[in-house]
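Biologist: I would like to learn how to read a model like this one, beginning with a ligand and then turning to the place where two chains meet. Could you take me through it one feature at a time?

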Protein chains: 2
Amino acid sequence: MTGNIAAVREALDHLDIDDNPATLKQKSRDFFWYSPVLKEKMDHLIGDFVVSPRSEEEVIEVLKTCFAHDVPVTTRGAGTGNYGQAMPLAGGVVMHMKNMTKVKEIHPGRVIVEPGKVVKDLDAETRAHSGQEQRMMPSTYGTATIGGFIAGGSGGIGSVRWGALRDLGNILRLRVVTMEAEPRILEFTGEDLARVSHAYGTNGIITEIEMPLAPAYDWVEFALGFDDFMQAAQFGYDLAQQDGILVKLITPIEAPIPFKFFKRFSGHVREDQSILIVLVAPHSLDGFTAFMGRNNDPDVIYRSDASTFERTPGHLAEYTWNHTTLRALQVDPTVTYLQVRYGGPDPLAKVAKVRETFGAEVLQHLEAMREGGNVIYAGLPIVDYSDEARLNEIIAIHEELGCMIFNPHRYTLEEGGRQKTDDRQLKFKQEADPKGLLNPGKMISWDDPNWSYDTMYAYPKMKQAS
Amino acid sequence: MTGNIAAVREALDHLDIDDNPATLKQKSRDFFWYSPVLKEKMDHLIGDFVVSPRSEEEVIEVLKTCFAHDVPVTTRGAGTGNYGQAMPLAGGVVMHMKNMTKVKEIHPGRVIVEPGKVVKDLDAETRAHSGQEQRMMPSTYGTATIGGFIAGGSGGIGSVRWGALRDLGNILRLRVVTMEAEPRILEFTGEDLARVSHAYGTNGIITEIEMPLAPAYDWVEFALGFDDFMQAAQFGYDLAQQDGILVKLITPIEAPIPFKFFKRFSGHVREDQSILIVLVAPHSLDGFTAFMGRNNDPDVIYRSDASTFERTPGHLAEYTWNHTTLRALQVDPTVTYLQVRYGGPDPLAKVAKVRETFGAEVLQHLEAMREGGNVIYAGLPIVDYSDEARLNEIIAIHEELGCMIFNPHRYTLEEGGRQKTDDRQLKFKQEADPKGLLNPGKMISWDDPNWSYDTMYAYPKMKQAS
Ligand SMILES: Cc1cc2nc3c(=O)[nH]c(=O)nc-3n(C[C@H](O)[C@H](O)[C@H](O)COP(=O)(O)OP(=O)(O)OC[C@H]3O[C@@H](n4cnc5c(N)ncnc54)[C@H](O)[C@@H]3O)c2cc1C
Ligand SMILES: Cc1cc2nc3c(=O)[nH]c(=O)nc-3n(C[C@H](O)[C@H](O)[C@H](O)COP(=O)(O)OP(=O)(O)OC[C@H]3O[C@@H](n4cnc5c(N)ncnc54)[C@H](O)[C@@H]3O)c2cc1C
């Protein structure tokens, strides 16, 4: 399906091109290998060359040229996505956004930026400008781009206050280029944002982003120790409901995850100790201390403003969200993970049931977040992997227990999401990518509208291993 | 009980004193007249003279001198309290804080200020300094002091996001002077704040305040029109649960309140139209517009950034909280009001039951706020007043329907609150005001520990009408 790649390569020769085999291989991969299932299926994938446009005009030129020659375009931010999101299933051009990093405007409550900006660098600029930062960010903020977050992410550090990226108000405006003979430039706000956000770049390329900002504080980082995981989970749940205590992150992690996988915590955390990571605004410290007093004063294992660690553990945010999994995989490559949503009025009851059912096979790691005004827990448990069949069984049991699963062992939008067509995204793809050249193979409803979701989808045009 | 007032007057002569009868009378009153019950009982009350200390040292001097001569001290901010909070029941000195208005420090997320600072002026300084403002404020922000808010208020504009003043984190630190032979200076944070906040100045005088700050935006003010009040209430409730849409105020007001009592709305609102007042951050406007689209696009009667009113209605915040009542009283002095808490998981069901029960006798005015992490409604309904007996009956019926009442027709802390002793406040009074000279008659548990709350408390030493 890679069309006339040679013609495209020649036509784009004056752009920033990379076809060095080593970088090409590297830029064709993301964190798909987190999943043993995807690792097996996608390890061989590689694009034909990498182009890094420096401007919207160059994006348009790439799209127009590829359209003319039927060449697929898979856009890449930093490639920290987990599900092969940025991997060229059918080969073709990898369009890397690394050169589009301009911060265009900063105002009270909002920033306008190009998509290739790394989140951490963006935060540094808005902080220096006016003490502002992103409302929420992935734990990969150190390397991930803001465009990749919007096109591939869902929420993260800050979601305990602001909910998910998809919630109204959490993205302000997106400027999008279409994949047509004459690419159009569109501006989306409000409801229309849902057409392209979290669409994996399958139906348009984001060239400019307007994001809301929150005040940036010198967040104080805590790791608290608990003898019982459910105490940690309850403490975090109650803390998230304290309207006057400003926090940015609440993460309960079950023993022995910290002891086994968090090397810098060695000597500070017991094998049977669960921990709770919290980021608190400095002016909420007194309130937080009072709250701890009301809740049996848990052990303070670490606090960033008064550390007793011989070596700094680094930012605790980088132990949360999918970084918990990363740290586990670095120590034990045989484990894997899931993405769970413990919603409803009593998320803790669901967590308790899951723990009863699986014991140490599924170790809990929760993230407090807001959903429809309520505090819920997202879960990214560490799973003791035996085989694909058991993994699917574990997923099915979660669903039976009333916990929603976003399957991270799938490379399509639908299977990683709510297992159904997103009409807004599909309709926009019909309009904006009529040849189906943008990140092909990621939207089942485009390729196979009648797919039943009984088994894992296998994109028929996926590039063969050579 | 006024002790040796002449000796005190003489000893304090070098301070800023006012004993002009007209100002003395004015400075001895607050908004007690809102209540027909209190109007009848308190109209005659007057202090002996007014002293306005310029510093903490002068506060200490006033307290020490009055202690020596057994003279009561009733502290006054701006006198906008509603329950005779700042009225000298037993005469004595009225200590007016108007000269203590210094802003001492402003930092990211917090400000240190003297108690006599008017909230609006405080906001102007923190806004000019670093784009920050108070998390919450009473609708009297234009005249009320920050010290009076802490000692007498409970929450207001901003509580939809931050909860109530009493919630951990919403006051950071209070510096307090005691009423003893040698007044002590104490600093309270965390749990200890509850000793003196909302204690009506009965157990210590606040001389310095540290408050948390939130980012200040150019809030856009909306009045939306609804044919059915419950639609307005539902819309507001759902809006408050939108985690990504930043609002500062959500106020549903039942028809015909706006038509009858909001003069500047004349010609813009129909008699049968209920309204919803909303303050939205500018960068949340697109999200808010999308939310309106999802909810039948209510009529926009007014928006501050595109007004079609011939005369500006002024700030819509000044139609909310107890300003709704004020506007009603200005048109129809025979009405009165209540303070209701529609808490629990389904506040709207409670509102509906109350409306069914009372019809037009109790017109609804709600304020969305956070309580324990959940959105609830506070109510300040406009009550068609017949007599005290019926008013008490209306209160009793509310309580039977599961709605908590904070009775605004009482002048004691307990009767206006949860009808029970606050041990922390009482114990601190025993320590800090051993002679019971601070704002006497306002704390029942001090005067009469065995009081049963069956009938309205009548302070036995209340100054007689002359
Ligand atoms: C350790 C770890 C922790 C993580 N934590 C989180 C987390 O907390 N929250 C979270 O949401 N995710 C998380 N992720 C996933 C991922 O890191 C984030 O979603 C990140 O924001 C992706 O950014 P990126 O620049 O790496 O995007 P990439 O991986 O390069 O791309 C992601 C998707 O966006 C598309 N895309 C990129 N740029 C554009 C553009 N300009 N226009 C259109 N489409 C585009 C790509 O084609 C791809 O489909 C984590 C991943 C890892 C490995
Ligand atoms: C129209 C209207 C609307 C209102 N809206 C609200 C609202 O939205 N939210 C709300 O909470 N309240 C509201 N109120 C009540 C009142 O306006 C506020 O609580 C206001 O903050 C009180 O401030 P003040 O300076 O007027 O205090 P005052 O009325 O002067 O005093 C209030 C109490 O505090 C004590 N006090 C004052 N200063 C000190 C000090 N330095 N140390 C110790 N004690 C002290 C006084 O003795 C008194 O008991 C409203 C009242 C009216 C009339």
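Biologist: Which backbone atoms lie beside a nitrogen atom of ligand 2, and how far away are they?

Modeller: This is a predicted model, and in it a backbone N or O atom of B:Ile206 lies 3.0 Å from a nitrogen atom of ligand 2.

Biologist: How much of the accessible area of ligand 2 does the protein cover?

Modeller: On its own, ligand 2 has 970 Å² of accessible area, and the protein covers 98% of it.

Biologist: Which residues surround ligand 2, and which elements do they come from?

Modeller: A shell is read by listing the residues and then asking where they sit. Here 38 residues surround ligand 2, and the closest are B:Thr75, B:Gly77, B:Thr80, B:Thr145 and B:Gly155. Two or more residues come from each of strand E3 (73-76), helix H6 (146-152), strand E10 (205-215) and helix H11 (322-331) of chain B, and H6(B) gives the most, with five residues.

Biologist: What kinds of residue make up that shell?

Modeller: The shell divides into 15 nonpolar residues, 22 polar residues and one charged residue.

Biologist: Now to the two chains: how many residues are in contact, and how much area is buried?

Modeller: An interface can be described by its residues and by its area. In this model 37 residues of chain A are in contact with 37 residues of chain B, while the area buried between the chains is about 2900 Å², with 49% of it given by carbon and sulfur atoms. Of the area that chain A buries against chain B, 25% is supplied by A:Leu168, A:Asp243 and A:His283, more than by any other three residues.

Biologist: What salt bridges and polar contacts are found there?

Modeller: The count between chain A and chain B is two salt bridges, and one of them joins the side chains of A:Glu191 and B:Arg294, at 2.5 Å from N to O. Across the interface, 12 residue pairs are in polar contact, both residues being at pLDDT 80 or more.

Biologist: Which element of chain A gives the most to the side that touches chain B?

Modeller: That element is H10(A), with five residues.

Key: Residues numbered from 1 in each chain as written. Chains lettered and ligands numbered in written order. Predicted model: local features only at pLDDT ≥ 70, side-chain atom pairs only at ≥ 80, totals over all residues. Heavy atoms only, no water. Contact = heavy atoms within 4.5 Å. Buried area = accessible area lost by both parts, 1.4 Å probe. Salt bridge = Lys/Arg side-chain N within 4 Å of Asp/Glu carboxyl O. Polar contact = N/O pair within 3.5 Å; in protein donor to acceptor, adjacent residues only side chain to side chain. Helix = DSSP H or I, 4+ residues; strand = E, 2+ residues; numbered from the N terminus. Near = heavy atom within 4 Å. Areas by Shrake-Rupley, 256 points an atom, 1.4 Å probe, with all protein chains shown as cover. Nonpolar A, V, L, I, M, F, W, Y, C, P; charged D, E, K, R; others polar.
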